[in-house]
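Please study the sequence and the structure shown below before reading on.

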Amino acid sequence: MSKKFRMSREAAYVWGMLVLPLAVAIMAKANLGLSMIAAPTYIISEKVSFLSYGQAEYILQTLILLLMAAVVGRFRLVYLTSFVSAILYGTVLDGYILLLSPINADAMWQRIVMFVVGIILTAIGVEFFIKTYLPPCAYDYFVRTLVTEKHTDLRKTKLINDGVYLVFSVALTLILHRKFIGITWGTLVIVACNGNLIAFFDKLMDKHIEFFDRFPKLAKYYD
């Protein structure tokens, strides 16, 4: 049996923060559809000229964190870490979009390749965030907090959460653009594939990577 590669859960957070924004930037470049989570801020940034995609991200995520605190009925200091994650995520996302801007993806086959790569990287990025104890961006943290604080069912909470984002995205694109932007057939492909891909990479990482806490005292503060 081959020896597992050791990776700290803190490093998993860094990798998640590098991979997931890259996936979103690639799929935005492909322009074949985004996930219902990534779509709202893209739709807003395409309409509001002074807001970049990344800036729209951390503004919306800040509002979600405030909503989360209101629903839970208290504000914990650890919520600020998710706010920092939102700033980092938005900044890295804008950086990737800038790096990808010279790339031309006019042919449909090029866009499809980028879209597929984006879906795969999304699953990998999400899985890295699952492996870390540090609070992820507000979207997933909201679901995690509802489950732990309000003792809601994870599957139902995630399903309702995704449904709300889907309705919100559709409403936004029709109100702001009078047509579908960000939400297309590709969104349905993402919905169909994402869960299975995340499960696949979860098993793959568990098989080949041993995750550990480099800072156990810090981990206890978040776990």
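E127, K131, D202 and D206 are linked in a network of salt bridges; a salt bridge is a side-chain nitrogen of Lys or Arg within 4 Å of a carboxyl oxygen of Asp or Glu. The model is predicted: local features need pLDDT of at least 70 and side-chain atom pairs count only at pLDDT 80 or more, while totals for chains, interfaces and linings use all residues. Residues are numbered from 1 along each chain as its sequence is written, and side-chain values use heavy atoms, with hydrogens and water left out.

Across the whole structure, a search finds seven salt bridges.

| Pair | N to O distance |
|---|---|
| R6 and E210 | 3.8 Å |
| R9 and D213 | 2.6 Å |
| K158 and D162 | 2.9 Å |

R6 lies in strand β1 and E210 in strand β2, 204 residues apart; strands are DSSP runs of E with at least two residues, helices runs of H or I with at least four, numbered from the N terminus. R9 is buried at 18% relative accessible area, whereas D213 is partly exposed at 29%. Buried means under 20%, exposed over 50%, and partly exposed in between (1.4 Å probe, protein chains only). K158 and D162 are four residues apart in helix α7, and therefore separated by about one helical turn.

The largest nonpolar core has 46 residues. Such a core is a set of buried Ala, Val, Leu, Ile, Met, Phe, Trp, Tyr and Cys residues joined through side-chain atoms within 4.5 Å. Its largest share, twelve residues, comes from α1. A second, separate core of 16 residues includes M36 and Y79.
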